[in-house]
Amino acid sequence: MKIFSDKQIYEGDKLTAKKQNITSTELMERAGIQIFNWLHLRMQGAQVPIHVFCGIGNNGGNGLVVARHLINHGYHVNTYVVNFSDKRTRDFLCNYDLIKQTTKKWPTLIGPDDDFPEIGPDDIIIDAVFGIGLNRPADDWVVNLFQHFKVSKAFTLSVDIPSGMKTDAVPADDNNVVWANHTLSFQSTKLAFFLPDTAKFTEQWEVLDIGFDREYLIKTQTAVDLIGKQEVLPIYKPRDKFSHKGTFGHALIIGGSYGKIGAAILASRSALSIGAGLVTAFVPKCGYIPIQSSFPEAMIITDEQEEWISNIQFTITPTVIGLGVGMGTEKATAEALQVFLTTNKTPLVIDADGINLLSKNKDLLKLLPQNTVLTPHPKELERLIGVWKDDFDKLKKVKAFSKKYHLIVVIKGAYTLTVLEDKIYINSTGNPGLATAGTGDVLTGVITGLIAQGYDSLAASVFGVYLHGKSADIAVQGLGYEAMTATHVIDTLGDAYLNLFEQPEPPKVEAEEKEGEKKEKKSKTK
Ligand SMILES: NC(=O)C1=CN([C@@H]2O[C@H](COP(=O)(O)OP(=O)(O)OC[C@H]3O[C@@H](n4cnc5c(N)ncnc54)[C@H](OP(=O)(O)O)[C@@H]3O)[C@@H](O)[C@H]2O)[C@@H](O)CC1
Ligand SMILES: [K+]
């Protein structure tokens, strides 16, 4: 799913009205009806007090449309206009008149000196105070109103975006924003819903399709994409009947040290399970027996040192190298990495201590082949790019870093983000069960194994992160978050692939009808 910027939403809004030959007021009606339908479907006429708080812009206009339809359907509605400015928009004013025509009185105006209305904990708040037009901090009294919402404990439904929240910045104070239970976002979700600093402002979100011009939606390139099944399906490369193991490349995993050979095993097993034709592990001598005995499919090259890697030399010709898992940061290993990078031309995926060694000697970054994939967790990222002020600053720094060195950065987190220059891909799979030892090694193996079989580094990163998360989502179903381990995530990688082609289950009624038809046919043929 494309995530449009505010500017693109305004552009799409204008273009849609023009191409569909409708007024912006009609588009506002369409958007408002979508929200009304969402509520009506769930509330079925229940007489719960609904407090609709509208600003004076188009977000407020959306709120007025919802309020009018709720009133027309017999709901118990209180409509307020939060009068923070005189600059009411045209479409707001249109709907302001329409609601007056419906109720025969104007909505209640709330200004800086007015008392706020009483809101019960079982009431519903519709928050249409500010939308994406917020361009400065809200006045103190408006912030106090937001606090009033929060203290009431009423279910809060935000229109488009929680009021006070920006799509591209972290608020100076958490209290400046409405804390929503649910947000109904128009046409596209928002990057801020996926970043730890700002995701907390809405417990859940949903996108409402307000019928933007299809051509605009298809043709417009966005700086951020949300990656789900629809986005990865076109990436998948079906296998040719006459293919053989050589077709799917040779992945070399370089890593492991005394006490951390498991990391190399996890990455190597993942590379093979995701479909690499051949996998070789390059490990210190102490890794030979554990790998041979636990993972017979792998080939092994050992370093001359017993406990750490000291000299990265091999005679094989790998398609791709995954480097760094469990590797340690011994001086000899750092030197070996430097020597290796000066001559290496093979595509790389670098994780863990591989990243830590690069952070200690940033000159090495220039030696990395173009589109090398780095997969840092937050602490490793900080060592690499320095501290950041907030999540948006982090993204700015990662983009600059990616551009400077021509690298792909996979920022691991609740929503893993893959960054290549100015483009961000947000992954939608995965769960808190992944916060366990070794899952990062599995991801390294997965991305390496995908590059081995011919996926380019960007496709392998985006697809790999998706499959890794999906595999965890499948594994966790039988285990729960606590018991799931990295090995379980490897074991269900095949199911993650199969899931790509699973049809959604038909609605139950339809399935039962079909079953009934089958039985009827059978009895007729008897
Ligand atoms: N066709 C449709 O129906 C569609 C409707 N959409 C809906 O429109 C919404 C955007 O509407 P919007 O541009 O009118 O801005 P909105 O957020 O309502 O703010 C109103 C105005 O307030 C002002 N202002 C800003 N900050 C302020 C502050 N701190 N304190 C005081 N004033 C402040 C600022 O004006 P200024 O004073 O700067 O001139 C701003 O313009 C969007 O979120 C969605 O709900 C779209 O999704 C597309 C389809
Ligand atoms: K809002």
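This is a predicted model: local features need pLDDT of at least 70, side-chain atom pairs count only at pLDDT 80 or more; totals for chains, interfaces and linings use all residues.
Biologist: How many bridges join β5 to β6?

Modeller: Four bridges join β5 (residues 124-128) to β6 (residues 155-159), and the two strands run parallel.

Biologist: What is the strand order in the open sheet of eleven strands?

Modeller: The order is β1-β9-β18-β17-β16-β15-β14-β13-β10-β11-β12, and here the pairing is mixed. At the edges stand β1 (2-3) and β12 (299-302); each has a single partner strand, so one side of each is left without a neighbour in the sheet.

Biologist: In which sense do β9 and β18 pair, parallel or antiparallel?

Modeller: Strand β9 (residues 224-227) and strand β18 (residues 423-427) pair in the parallel sense, over four bridges. Valine 224 has isoleucine 424 in β18 as its bridge partner.

Biologist: What packs on this sheet?

Modeller: Helix α14 (residues 391-405) does, touching β16 (407-411), β17 (417-420) and β18. Its direction makes about 150° with that of β16. Helix α16 also lies across strands of this region, namely β9, β15 (372-374), β16, β17 and β18, and α16 runs at about 15° to β16.

Biologist: Now for pairs of helices. At what angle do α15 and α16 pack?

Modeller: Helix α15 (residues 439-452) packs with helix α16 (residues 457-477) at an angle of about 135°, and their axes are 8 Å apart. Because of that angle, α15 counts as oblique to α16. The crossing is right-handed.

Biologist: Which residues of α15 and α16 meet?

Modeller: From α15 come Val442, Leu443, Val446, Ile447, Leu450 and Ile451. They meet a set in α16 that includes Ala460, Phe463, Val465 and Leu467. The residues of this contact divide into ten nonpolar, four polar and no charged.

Biologist: What are the angle and the axis distance between α9 and α15?

Modeller: Helix α9 (residues 261-273) packs with α15 at about 35°, with the axes 7 Å apart. This crossing is right-handed. Among the residues that meet are Ala263, Leu266 and Arg269 in α9 and Asp441, Gly445 and Gly449 in α15. The contact divides into eight nonpolar, six polar and two charged residues. Val442 and Val446 in α15 meet α9, and these two residues also meet α16.

Biologist: Back to α2. How do the axes of α2 and α3 cross?

Modeller: Helix α2 (residues 24-43) and helix α3 (residues 58-72) have axes that come within 8 Å and cross at roughly 55°. That is why α2 is oblique to α3. The crossing is right-handed. Residues of α2 including Met28, Ile33 and Phe36 meet residues of α3 including Asn58, Val65 and Leu70. Eight of the contact residues are nonpolar, five polar and one charged.

Biologist: Which residues come nearest to ligand 1?

Modeller: Of the 28 residues around ligand 1, the nearest are Met28, Gly57, Asn58, Gly131 and Gly133. The elements giving two or more residues to this shell are α1 (6-19), α2 and α3. Met28 and Asn58 belong to the contact of α2 with α3 as well.

Notes:
Residues are numbered from 1 along each chain as its sequence is written. Chains are lettered from A and ligands numbered from 1 in the order in which they are written. Axes are lines fitted to C-alpha atoms, for helices over the stretch in contact, and angles run from 0 to 180 degrees between N-to-C directions. Angles under 35 degrees count as roughly parallel, over 145 as roughly antiparallel, 65 to 115 as roughly perpendicular and the rest as oblique. A crossing is left-handed if the near helix is turned anticlockwise from the far one by less than a right angle, and right-handed if clockwise. Two residues are in contact if their C-beta atoms, placed from the backbone, lie within 7 Å. Ala, Val, Leu, Ile, Met, Phe, Trp, Tyr, Cys and Pro count as nonpolar, Asp, Glu, Lys and Arg as charged, and the others, Gly among them, as polar. A residue is near a molecule or strand if its C-beta atom, placed from the backbone, lies within 6 Å of it. Two strands pair if DSSP finds at least two bridges between them.
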